[in-house]
Amino acid sequence: MSTFPISIPRPTNPTGVWNWITTIDHKKIGIMYGITAFILFISGGIEATLMRIQLAGPELDIVSAAIYNQLFTMHGTTMIFLAIMPLGAAFFNFLIPLQIGARDVAFPRLNAFSYWTFLAGALMLKLSWIGGATDAGWFGYAPLTSIDQNPGTGIDFWIISLQILGIASLAAAFNFIVTIINLRAPGMTWMRLPLFTWMSFITAILLVLAFPIITVALIELTLDRYFAFNFFSVANGGSVVLWQHLFWVFGHPEVYILILPAMGIVSEVLPVFSKKPLFGYATVVLAGAIIAFMGWMVWSHHMFTVGLGPVANSVFTITTMLIAVPTGIKVFNWIGTIWGGSIKLNTPMLFSLGFIAMFLIGGLSGVMHAVSAHDAQQQDTYFVPAHIHYVLFGGAIMAIMSGIYYWFPKYSGKMFNEREGKLHFWLMIIGQNLTFFPMHFVGLDGMPRRIYTYAEGMGWDLWNGISTLGVFILIAGFLVMINNLGRHWRNGPIAPADPWDARTLEWSIPSPPPEYNFKEIPIVKALDDWWITKQENPEKVASIDEGSVGYSDGNHGIHMPQASYWPLVVSVGILIAAYGVVFNNFIMPWFLAGIGLIISFIGVYSWSLEPVNDPDESSSH
Amino acid sequence: MTKTPKRIKIFGQIVLSIGMILGLSACYPSHSQSTFDPNGPVAAAQLEIFWWILIGASIVFVLVEGILIYSIFKFSGKSETYIPKQVHGNHKLEITWTLLPAIILVIIAIPTIDTLFYAASPPKHALEQHTLEVIGHQWWFEFRYPNPYENTKEIVTANEVYIPVGYPISINLESVDVIHSFWVPKLAGKVDMVPSEGNSMWFQANEPGEYFGQCAEYCGTSHANMRFKVIAVPEPEYVAWLQYQASSAIESTDPLALEGKNVFKSAGCSGCHSINSTINKGSVGRIGPNLTHVASRRHLAAGVLMNSKNGGPVNDFYLQNNLREWISDPESIKPGNIMSAQAAVYTNSDRKLTEHEISALVGYLTSLK
Amino acid sequence: MSQTHTPIHGEEETTSTGLNHRKMLMWAFLGSDCMFFGALIATYLVYQGKSLVGPYPIDVFDIPVTSVSTFVLLMSSMSMVLAYAALTKGNMKVFRIWMASTAIMGATFIGFQIYEFSSFSNHHVHIDCMNQSHELTAYEQELYDSGCKDGVDHIDSDSGLKPKTNLFGTTFYTLTGIHGAHVSLGVIWLLSILLLSFKKGVITPEKNLDVDLAALYWHFVDIVWIVIFTVIYLFGVFPGF
């Protein structure tokens, strides 16, 4: 029973929809994150496809200017906040407790809250297509976002959705920081942490420090729009460049938030399929930390053409060039990992190798941007989306694909079809290069970005056409993937605990892991402890699968945290309040917002007074 | 077991050939907004630093991708039971590949910063009279020469501006609404036009020509339709153009034009569009482009409609067609444009222009050479 | 050897660092709240001196009054410390007294804020064109220059400072308003703990984490105010900053 102010019994469904809705199990939450994010990724892909069809030739009329501008704004916002970040969160959720030898995260209910709040933000943003979505670009420069320029609700939905997503991200970040610091198994020192967990930890710290800044920027914009404040009001002396500074001080660390988990995944996959440890583990960790630190000092490279002056531009040129160094270190260390190894070119490995190849290109075009004198020509042309998509699509997404295949046996308990996996890889890498490499060309050929059409005779037709063609190859690849993983999750061959002969703790437990993860919390003696254990005691592998029937196997007397309704209640309250802010004159001024806030308040109160476990409850369901 | 070297060779050759074809196909100096065809010192300096980084990046690319692909081929296909040597790192190697990139980057930074300062301020010999003011509007460019030569009045025009060949032009950038960006790729990199700040830049055209420009900061619905031309001509021709722009509008006696002049007022056009005139004081509107010499412009609607066949001299047939198209349905040419959104003849169905009124207007505007 | 029973409750379980989960969470949260206020203060500083019209800080700030409210907030931190100390010593009655006084002082601070906001927005300027009894501020000088001519003998100006008046109004009200919201939430939290403390077994000398966490939050909010008071108020009116 939870107590004051509302007493309701706690949820006890062992299986079924309600079990998933009220779950606080990190593995289930991770799966929900992953599936939701993947669906949202597809929606962002549809937005991109429509854009590319419109741009396949000059002066086409497939979509109107107004729709196109909404498409590119929603595509960017979706991919960053609703696809890559939550896909990362899916991995954090599923893997971190397994990798550090814990039974769950530090705050299981907070974890569920993160997911439901993320879903609320996602719904709010995607549903804004109805009635006109935001169309001011994913970085929403003032004064295009002002109430004069943009009186509709599209911008308001964008603002509020981002705030909600911020809450979800912050909650998750706090959770993982405490989990990684405090719940490591005995012997799991910092320098024995799996690389993925390390990168996740650094990412979480970046989130905690960076998000509040965009929160402030969005609050200021909201006050301008709703109450005629003057933050970005040119007529009253406000500076629109202030928005850019605030946004990019958040925005640049944000791109490292996007890429560090991906780098973490690659750092896990490469050693396993080279049968060698990660080359220079400590260096790779340090490089990640340095990237995160230096990421705070480069933000104005997004503003090289705004008129900050040559002195400021010079400073940011230097800092931006320097951040290439730790990034390069990682690439070299990855190559050092596979060098001299016994490489197995299966699907996860192909994607991780593809990551290196594509990210290298994106990194080099990034250095070209850093050459700020020429960036005056590159900025706001297609050269920038070329760079972005090489690091985020050929980079982050490819790494995430690697992770999705690599950990598939662990979270689904089944094996996928290897041939189809390879097909997906080849379609993706060919599609990626066909779609995005030509963007370098048209960008340097003078084609600005964010234009819904272009004139005939500019010479951009051929490469735009090829770029659009590439999109369909990418689509084919994703269809192959969905078919492969969808079929096999249901009916694939049963996966053993450690199909890849891997190195980290999550492979020492059944596939999928039981609710309590580890029957006995392991004592860690070294980095890659599982690998070393196997070398010394090969028979350990065979004994893992005894007694595993999947997630709902029951607790076997191990004390697990109980499910709860309150995280969901608070998320629902936030969603209602958010709609109440946008529709603030519904029935009465601020009526809906008030209701939502009250519901959240009750939820928070009840949650804080609810014990982690009821004192009289027995530990198995 | 390593793969046969022959396969690596063939693979490498294919990649290299593709790379070279790709590389060469990227540069199209003849394209109107190509950044590979600098026609002035600023664009040239900026391109030069780019060649350096492009070469550097290509070398790094070939090296690193090469080692990556090589190691994939060399170290795959081994037996399942083979456990390679468990190497944990190599300090010497790691220090090398930390310091080397850092040094290369510092080397590149120096000429980069040099070029930044070069491009930021006009040379000392730039003349006051060659100061150009560019004001961004949604979605057109207003050009002004505030002091074109001593004791002359300010020149105002839109979307097309002449500059003298061989002289540095100081440019002051403003915006009346949102952030735009002034970009003529063949003359210089872009600088943003920020409503709350004034920015400045400079460029110079080394040769006569028509240089295409386009707004390069997303500024709303018709950002894609905000284009302009910088036309560089020898100095005498430039002076002639200035004088011409300074002169009042031609007062045509053609009856259709005269009728059109009345429609221009009665339909409310003069509320936003300025036409200098010696007979009447002329319109004082400044919200829309100045139309005093609109019939001499090579394009209409900010670079969207071409008043000639393939960029030749202005042809009245094309001009009239474009004017008619634009006045009849501006929204179809420039979605979101302010004229469609605010002018009574478009917002109020009672005041919609008749075909005859449109013809009269076209006649009038065509006379404004 | 490995363990079979690892309870995962925040309070009882052994953590890798020995630090409590929820305490660490509070510190992480305060870190992000730091960045939050930092961005707000940065916005204020960027716009300092850039308002196009008055009133300006020197016209509306009443340092003596704000000093009193600052003192009250500072003292509330002290009473928070005393509350926690009393709890750990087992003196529940004294604990409740100090908790109540912390909440009351917090509420008093909010009262001062409300008074301040309303007096700023109703700020009124009276200028006697013939003779000035005091040296005019920059803003008053503006009013004088534009108003005192052609025989006008006095000016009465409704010079209320509102968020939409100028950049100073916008940034000042946002920053201090959000700080005030933090204080208000804190007061609600403290009162909740106070009420709960009457329920047996909820707050005890051993189960003092909730009070510890609330205290951390409270001190943070106080420190933020010290920064605001110094940077916005004091630096705003004393020349040379």
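Modeller: Contact means heavy atoms within 4.5 Å. By that rule, no contact joins chain B and chain C, whose closest C-alpha atoms lie 12 Å apart. This is a predicted model, in which local features need pLDDT of at least 70 and side-chain atom pairs count only at pLDDT 80 or more, while totals for chains, interfaces and linings use all residues. Residues are numbered from 1 along each chain as its sequence is written, chains are lettered from A and ligands numbered from 1 in the order in which they are written, and side-chain values use heavy atoms, with hydrogens and water left out.

Start with chains A and B. Of the 2 pairs of chains in contact, this pair shares the most contacts. Chain A brings 90 residues and chain B brings 88. The size of an interface is often given as the accessible area lost when the parts come together. Buried area is that loss (1.4 Å probe), summed over both parts. Between chain A and chain B about 7300 Å² is buried, and carbon and sulfur atoms give 68% of that. On the chain A side, A:F279, A:F332 and A:Q377 lose the most area to chain B, together 9% of what that side buries.

A salt bridge is a side-chain nitrogen of Lys or Arg within 4 Å of a carboxyl oxygen of Asp or Glu. The count between chain A and chain B is 1 salt bridge. The side chains of A:K344 and B:E80 meet in a salt bridge at 3.0 Å, N to O. A polar contact is a pair of N or O atoms within 3.5 Å; within protein, one must be able to donate a hydrogen and the other to accept it, and residues adjacent in sequence count only if both atoms are side-chain atoms. Between chains A and B, 26 residue pairs are in polar contact, both at pLDDT 80 or more.

Helices are DSSP runs (H or I, at least four residues), strands likewise (E, at least two), numbered from the N terminus. Several helices of chain A each supply at least two residues of the side that touches chain B, among them α3 (65–100), α9 and α11 (347–370). By class, that side has 52 nonpolar, 28 polar and 10 charged residues. The classes are simple: Ala, Val, Leu, Ile, Met, Phe, Trp, Tyr, Cys and Pro count as nonpolar, Asp, Glu, Lys and Arg as charged, and the others, Gly among them, as polar.

Zoom in on A:T317. A:T317 is found in helix α9 (residues 310–322) of chain A. Not counting residues up to four places away in sequence, A:T317 touches A:F304, A:A370, A:S372, B:T112 and B:L116. A:T317 counts as buried because its relative accessibility is 0%. Buried means under 20% relative accessible area, exposed over 50%, partly exposed in between (1.4 Å probe, protein chains only).

Next, chains A and C. Here 48 residues of chain A are in contact with 44 residues of chain C. The buried area is about 3800 Å², with 69% from carbon and sulfur atoms. The salt-bridge count between chain A and chain C is 0. The polar rule finds 15 residue pairs, both at pLDDT 80 or more. On chain A, α5 (154–182), α6 (195–227), α7 (240–272) and α19 (591–609) each supply at least two residues of the side that touches chain C. The most comes from α6(A), with 10 residues. That side of chain A has 33 nonpolar, 10 polar and 5 charged residues.

Last, the contact inside chain B. Domain bounds come from an automatic or database domain assignment. The assignment of chain B gives domain 1 (35–77 + 86–120) and domain 2 (129–369). Their centres, taken over C-alpha atoms, are 43 Å apart. The contact takes 12 residues from domain 1 of chain B and 15 residues from domain 2 of chain B. The two domains bury about 980 Å² between them, 51% of it on carbon and sulfur atoms. In domain 1 of chain B, B:N39, B:P41 and B:V42 lose the most area to domain 2 of chain B, together 46% of what that side buries. The rule finds 1 salt bridge across this domain interface. The side chains of B:K186 and B:D37 meet in a salt bridge at 2.8 Å, N to O.
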